[in-house]
Number of protein chains: 2
Amino acid sequence: VAELELIRAVERALRARGGRVLAGPGDDAAVVRARPIAVTSIDTIVEGVHFELSTHAFSDVGHKALATALSDLAAMGVEPGEAYAALVLQPELETDRALELVGGMEQLAERTGVTIAGGDVVNGPVLTVSVTVTGWAEREEEIVRRDGARPDDLVGVSGPLGGSGAGLELLRGARVELPEAVWEALLARHRRPEPRLAAGQTLAAAGVSAMIDLSDGVAADASHLAERSGVELGIDLAAVPLAAGVAEVAAAVGADPLRFAATAGDDYELLFTVPPERAEAVEAAAGSAGSEAVWLGRAAAGGGATFRDAAGRAVALAGYEHA
Amino acid sequence: VAELELIRAVERALRARGGRVLAGPGDDAAVVRARPIAVTSIDTIVEGVHFELSTHAFSDVGHKALATALSDLAAMGVEPGEAYAALVLQPELETDRALELVGGMEQLAERTGVTIAGGDVVNGPVLTVSVTVTGWAEREEEIVRRDGARPDDLVGVSGPLGGSGAGLELLRGARVELPEAVWEALLARHRRPEPRLAAGQTLAAAGVSAMIDLSDGVAADASHLAERSGVELGIDLAAVPLAAGVAEVAAAVGADPLRFAATAGDDYELLFTVPPERAEAVEAAAGSAGSEAVWLGRAAAGGGATFRDAAGRAVALAGYEHA
């Protein structure tokens with residue numbers, strides 16, 4: 001692409017929101033009116049590793065890059081503010097395709113009240129998108145970290161799992177009979193993951209003690225949270241809520257549905273811990289944000305995450321990375 | 001690389017500075033105590049496009065990725081705060097090489113008072129590093145943008161040009177006799193560009209009206225500044241200060257030294273405009289930061305940048321991109 005021409009077209013495609021941005025794209029850096037606490041994360045997706053252009057439109061790629069970054073802010077319970085996007089584009093890529101990518105990002109930004117306030121466009125051999133997002137809070141205490149889980153806390157998840165992994169298996173050609181709406185929902189779940197920003201903020205306000213977004217799957221991410229908190233998270237696999245169609249797709253590819261849902265990843269639901277006395281408030285908060293609070297187990301003294309099947313037997317889950 | 005193992009090793013290699021960082025790497029996002037104005041930029045470098053592993057050590061790559069991002073903050077005149085680094089690494093890359101890259105970045109961070117507060121490590125086929133940097137200011141008025149140049153302002157540059165381009169030509173095999181110290185300085189200039197952070201802050205305080213960092217070369221970057229400010233910048237090529245050895249290297253590759261210095265780019269000096277009555281103060285400010293203020297010309301009504309040779313003839317400069 002012609003970098004300068006594209007940069008101008010991108011600038012025209014972007015809108016500022018929320019009144020914080022004093023200078024957006026077009027200068028050496030963006031200038032933003034801050035609030036007292038900044039919460040920042042950077043995330044990168046690479047063609048052939050995190051998505052395939054044979055199954056993802058350019059607008060899906062833009063959506064996914066911003067969504068995965070925003071999901072980190074959801075897990076901190078903060079309001080998102082600005083995004084900064086670095087695009088590595090193949091020299092032969094048409095400007096219109098690059099603008100579709102930016103359009104997919106801008107559409108999600110609009111829906112979530114985010115301003116894409118800056119970026120970088122460079123040539124390179126492999127389509128790569130890095131997105132940095134900053135969210136804002138008034139006080140440090142509003143922010144939920146990974147390290148706050150305590151023994152006896154309940155472990156909850158904000159919604160059904162396995163949908164993104166099932167969508168990927170469908171794209172890879174899994175043969176299964178499903179109602180068309182279920183099929184489409186699984187593909188959408190994979191191509192356009194939804195950051196649980198509203199749920200993250202209401203769960204934080206309702207007093208969850210620790211939170212993490214499910215990018216790698218419950219198996220891996222519960223371990224990360226357990227390790228940071230210095231507790232053991234005991235998770236009952238039979239309690240894992242399955243997205244519609246996941247059982248059928250897992251069966252079609254010869255996998256156990258619950259193991260599949262716990263390890264396939266990319267669902268971007270939130271995993272959280274809650275002191276038992278706040279469980280009801282957290283259920284109400286999740287519901288008010290259009291999510292759920294499904295209880296998977298409990299924290300105990302110890303370390304790491306352990307998984308039990310319906311018969312109470314320990315199950316070893318290797319974090320199967322599917323892209 | 002094994003992502004998780006590397007991430008832990010990276011976390012151990014990083015230090016927090018300045019007391020702003022409340023939670024660094026290890027959570028979903030970093031938590032930082034903000035100041036009233038946030039200034040943020042993202043920059044990406046790609047192997048084979050912005051650097052070559054045949055001529056750059058991994059530590060050079062880390063340095064360069066952070067340096068080019070910090071240079072944008074230098075051009076805004078703000079104090080740098082935090083950096084967030086996304087690394088795309090080949091799966092077969094050894095952890096030690098990745099840590100050398102992070103080490104080069106951390107060394108520059110230490111020297112400039114920056115905290116690398118977060119990041120992302122993913123696998124991919126081409127070594128790519130995206131760095132987002134945030135700097136802070138108390139008031140919007142402290143920040144220097146590209147759009148403040150006015151007719152009659154003087155145009156200045158903070159130091160000699162062409163050094164990085166000459167270093168690249170030496171790496172590409174240009175045959176020229178040079179004292180070893182000059183040769184080494186040119187290579188260092190290319191491999192380890194230095195963001196002019198101190199100069200940017202003192203120049204801003206001394207009242208420059210607009211500023212931009214010279215990543216693409218005076219020819220291209222003066223045009224960007226002129227366009228944003230709505231003025232014409234008239235630049236006298238004969239006034240462009242040459243880094244030691246640039247004249248010899250340019251001659252060896254059959255280029256006019258001044259044209260070479262104006263177009264080769266990657267010098268990361270600062271180009272700025274100054275109302276004439278502040279010129280002396282700006283010269284003193286640049287000197288106090290170990291830089292210079294070399295006057296290249298003057299702004300006038302109109303638009304774009306124009307270049308004249310020593311005889312006063314107009315010279316057309318096509319921004320020759322050498323990387």
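Author: Happy to! Over all chains, the structure holds 38 salt bridges, where a salt bridge is a side-chain nitrogen of Lys or Arg within 4 Å of a carboxyl oxygen of Asp or Glu. Side chains of opposite charge can pair when their charged atoms come close.

A word on conventions. This is a predicted model, in which local features need pLDDT of at least 70 and side-chain atom pairs count only at pLDDT 80 or more, while totals for chains, interfaces and linings use all residues. Residues are numbered from 1 along each chain as its sequence is written, chains are lettered from A and ligands numbered from 1 in the order in which they are written, and side-chain values use heavy atoms, leaving out hydrogens and water.

Let's start with A:E11 and B:R228, a salt bridge whose closest N and O atoms are 3.0 Å apart. A:E11 belongs to helix α1 (residues 3-13) of chain A and B:R228 to helix α7 (residues 218-229) of chain B, so this pair joins two chains. Helices here are DSSP runs (H or I, at least four residues), numbered from the N terminus. A:E11 has 21% relative accessibility and counts as partly exposed; for B:R228 the value is 31%, also partly exposed. On this scale, buried means under 20% relative accessible area, exposed over 50%, and partly exposed in between (1.4 Å probe, protein chains only).

Next come A:E227 and B:R8, whose side chains meet in a salt bridge at 3.2 Å, N to O. Here A:E227 lies in helix α7 (residues 218-229) of chain A and B:R8 in helix α1 (residues 3-13) of chain B, so this pair too joins two chains. A:E227 is partly exposed at 46% relative accessibility, and B:R8 is partly exposed at 24%.

Within chain B, there is a salt bridge between B:E194 and B:R111, with the closest N and O atoms 2.7 Å apart. B:E194 sits in the loop between α5 (180-191) and α6 (197-206), and B:R111 in helix α3 (residues 95-112), so the pair ties together parts that are 83 residues apart in sequence. B:E194 counts as partly exposed at 23% relative accessibility, whereas B:R111, at 52%, counts as exposed. Finally, salt bridges that share partners join A:D27, A:D28 and B:R146 into one network.
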